[in-house]
Amino acid sequence: ASWNTVRNLIADIVQIPSLEACQNVCLQNEQCAAVAYSSVSTCALLGGDSGRAFTCPASASLYLRDPACPRDCPNPPYLE
């Protein structure tokens, strides 16, 4: 997803070996609305969209969690 607004960190940025593992960590945290995952295996759990413009380019990709999907959602829990 495009990343053009500020989202606050809800946990420490950590090294995680895959995007799927990063997304699974997010699913275990009710505050997690999105993850940012970089090519160097850095995972950041992010809160909701603040609506404030984000002016710095991000070096990670943003993956939005589907707010209608609980932990054990049968559908893909992340929006494209």
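Cys26 and Cys32 form a disulfide, with their sulfur atoms 2.0 Å apart. By disulfide I mean a pair of cysteine sulfur atoms within 2.5 Å.

Before I go on, a word on the model. It is a predicted one, in which local features need pLDDT of at least 70 and side-chain atom pairs count only at pLDDT 80 or more, while totals for chains, interfaces and linings use all residues. Residues are numbered from 1 along each chain as its sequence is written, and side-chain values use heavy atoms, with hydrogens and water left out.

Back to the cysteines. The link of Cys26 and Cys32 is left-handed, with -105° about the S-S bond. Are these two cysteines buried or exposed? Cys26 counts as buried because its relative accessibility is 0%. Cys32 counts as buried because its relative accessibility is 4%. Buried means under 20% relative accessible area, exposed means over 50%, and partly exposed is in between, using a 1.4 Å probe and protein chains only.

How many disulfides does the structure hold? It holds 2. Cys22 and Cys43 form a disulfide as well, their sulfur atoms 2.0 Å apart. That link is right-handed, with 80° about the S-S bond. It joins distant parts of the chain: Cys22 sits in helix α1 and Cys43 in strand β4, 21 residues apart. Both Cys22 and Cys43 are buried.

Now the layout. The protein has 1 helix and 6 strands, and along the sequence they follow the pattern β-β-α-β-β-β-β. Helices (H or I, at least four residues) and strands (E, at least two) are DSSP runs, numbered from the N terminus.

Two strands pair if DSSP finds at least two bridges between them. Strand β3, residues 34-37, pairs with β4 in the antiparallel sense over 4 bridges, with Ala36 opposite Ala44. As a general point, in a regular strand the side chains alternate between the two faces of the sheet.

β3 and β4 form a hairpin with 4 residues between them. Ser41 is found in that loop. For background, most residues other than glycine have a negative phi. Ser41 counts as partly exposed because its relative accessibility is 22%.

Another loop residue to look at is Ile13, between β1 and β2. Ile13 counts as partly exposed, since its relative accessibility is 48%. Ile13 and Ala44 are 31 residues apart in sequence and 4.7 Å apart in space, C-alpha to C-alpha. Leaving aside neighbours within four places in sequence, Ile13 is in contact with Thr42, Cys43 and Ala44. Contact means heavy atoms within 4.5 Å.

Next, the interior. A nonpolar core is a set of buried Ala, Val, Leu, Ile, Met, Phe, Trp, Tyr and Cys residues joined through side-chain atoms within 4.5 Å. Which residues make up the largest one? There are 10 in all: Ile16, Cys22, Cys26, Leu27, Cys32, Val35, Tyr37, Cys43, Leu45 and Tyr78. The elements giving two or more residues to this core are α1 (19-27), β3 and β4. The largest share, 3 residues, comes from α1. Apart from this core lies another, of 5 residues, among them Ala36, Ala44, Leu46 and Leu62.

Not counting residues up to four places away in sequence, Cys26 touches Cys32, Ala34, Val35, Leu45, Arg65 and Tyr78.

Last, some totals. Buried residues make up 32% of the 80 residues in the protein. Among contacts between residues at least 6 apart in sequence, 59% join residues at least 24 apart. The protein exposes about 5,100 Å², of which carbon and sulfur atoms supply 52%. Accessible areas come from the Shrake-Rupley method with a 1.4 Å probe; for residues, only the protein chains shown count as cover.
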